[in-house]
Amino acid sequence: MPLRDQTDPNRIKPILATITTLNRPPVARCRLLSSGLGSSHMLKTFDDLSGSKACLGCGCCMDACPILMRDPKRRLLTEARTSLALETLVGDDCDRCGNCALACPQVDPTIKHYLVGTLLAEGMAELLAKASTDETYILDLILSY
Ligand code: SF4
Ligand code: SF4
């Protein structure tokens, strides 16, 4: 649902690199760097939300998070399904897989493609290397299929 003219990730490379090296969920920051809601959205509202970078409360980022998948008890702490809830429930346990940013409808595809092609590709290589020695990472790989 983003705008047709989306953020050029090459112009914000250093910021994206910083975001994806933090042990914090990257989705909200990637959302705020994106173009915002496109005018063709199908949300039930008469307000002009074009360009809004607000969280839609869809919960897609929470559904995609392996930390919450591994530890579902965390989800019971709140009914909210927002990026703020993800930040609260995961915090610095985030393992920087990037799934939340890839799942968010408010993050520009241009940014998603950049993350997959660069920073997340490096993270996946790291994860695969660890998979041979750490059962937790093996579980993450299985759950991602
Ligand atoms: S989906 Fe991945 S990057 Fe996002 S909060 Fe969960 S562990 Fe962190
Ligand atoms: S996936 Fe949905 S809930 Fe998560 S940050 Fe994006 S809009 Fe908000």
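The legends below go through a predicted model in close-up views.

Residues are numbered from 1 along each chain as its sequence is written, while chains are lettered from A and ligands numbered from 1 in written order. In this predicted model, local features need pLDDT of at least 70 and side-chain atom pairs count only at pLDDT 80 or more, whereas totals for chains, interfaces and linings use all residues.

**View 1**
Helices and strands are DSSP runs, numbered from the N terminus (H or I, at least four residues, for helices; E, at least two, for strands). From the N terminus on, the order is α-α-α-α-α-α-α-α-α. The C-alpha trace spans about 50 × 35 × 25 Å along its principal axes. For 145 residues, a compact globule would have a radius of gyration near 15 Å, and the 16 Å of the protein chain agrees. That radius is taken over C-alpha atoms, and the globule rule is 2.2 Å times the number of residues to the power 0.38. Buried residues make up 30% of the 145. A residue is buried if 20 or more other C-beta atoms lie within 10 Å of its own, exposed if 12 or fewer, and partly exposed in between, with C-beta atoms placed from the backbone. Two residues are in contact if their C-beta atoms, placed from the backbone, lie within 7 Å. Among contacts between residues at least 6 apart in sequence, 69% join residues at least 24 apart.

**View 1. The largest nonpolar core holds 25 residues.**
A nonpolar core is a set of buried Ala, Val, Leu, Ile, Met, Phe, Trp, Tyr and Cys residues joined through C-beta atoms within 7 Å. Val27, Cys61, Cys65, Leu86, Val90, Cys100 and Ala101 touch the most other members. Seven helices each supply at least two residues of this core: α1 (13-19), α2 (27-32), α3 (60-63), α4 (66-70), α5 (83-90), α6 (99-103) and α7 (109-117). α5 gives the most, with four residues. Leu86 is in contact with Pro25, Val27, Cys61, Met62, Cys65 and Cys100, leaving aside neighbours within four places in sequence.

The buried residues of α5 are Ser83, Ala85, Leu86, Leu89 and Val90. The arc is that of the directions from the helix axis to the C-beta atoms. What covers these buried residues includes α2, α3, α4 and α6. Gly91 follows α5, and its phi is positive, near 55 degrees.

**View 2. Ligand 1 is surrounded by 15 residues.**
A residue is near a molecule if its C-beta atom, placed from the backbone, lies within 6 Å of it. Pro25, Cys65, Cys94, Cys97 and Cys100 are the closest to ligand 1. α4, α5 and α6 each supply at least two residues of this shell. The shell around ligand 1 divides into 11 nonpolar, two polar and two charged residues. Ala, Val, Leu, Ile, Met, Phe, Trp, Tyr, Cys and Pro count as nonpolar, Asp, Glu, Lys and Arg as charged, and the others, Gly among them, as polar.

**View 3. Ligand 2 is surrounded by 17 residues.**
The closest are Cys55, Cys58, Cys61, Ser83 and Cys104. α2 and α3 each supply at least two residues of the shell around ligand 2. α2 gives the most to this shell, with three residues. The shell around ligand 2 divides into 10 nonpolar, five polar and two charged residues.

**View 4. Buried residues line one face of α7.**
Ile111, Lys112, Tyr114 and Leu115 are buried in α7. Seen down the axis of α7, these residues fall within an arc of 165 degrees.

**View 5. Leu120 lies in helix α8 (residues 119-131).**
Leu120 is buried because 20 other C-beta atoms lie within 10 Å. Leaving aside neighbours within four places in sequence, Leu120 is in contact with Gly98 and Leu115. Leu120 and Gly98 are 22 residues apart along the chain, yet their C-alpha atoms are separated by 6.8 Å.

**View 6. Arg96 is in the loop between α5 and α6.**
Phi of Arg96 is near 60 degrees, a positive value in a residue other than glycine. Arg96 is partly exposed, with 18 other C-beta atoms within 10 Å.
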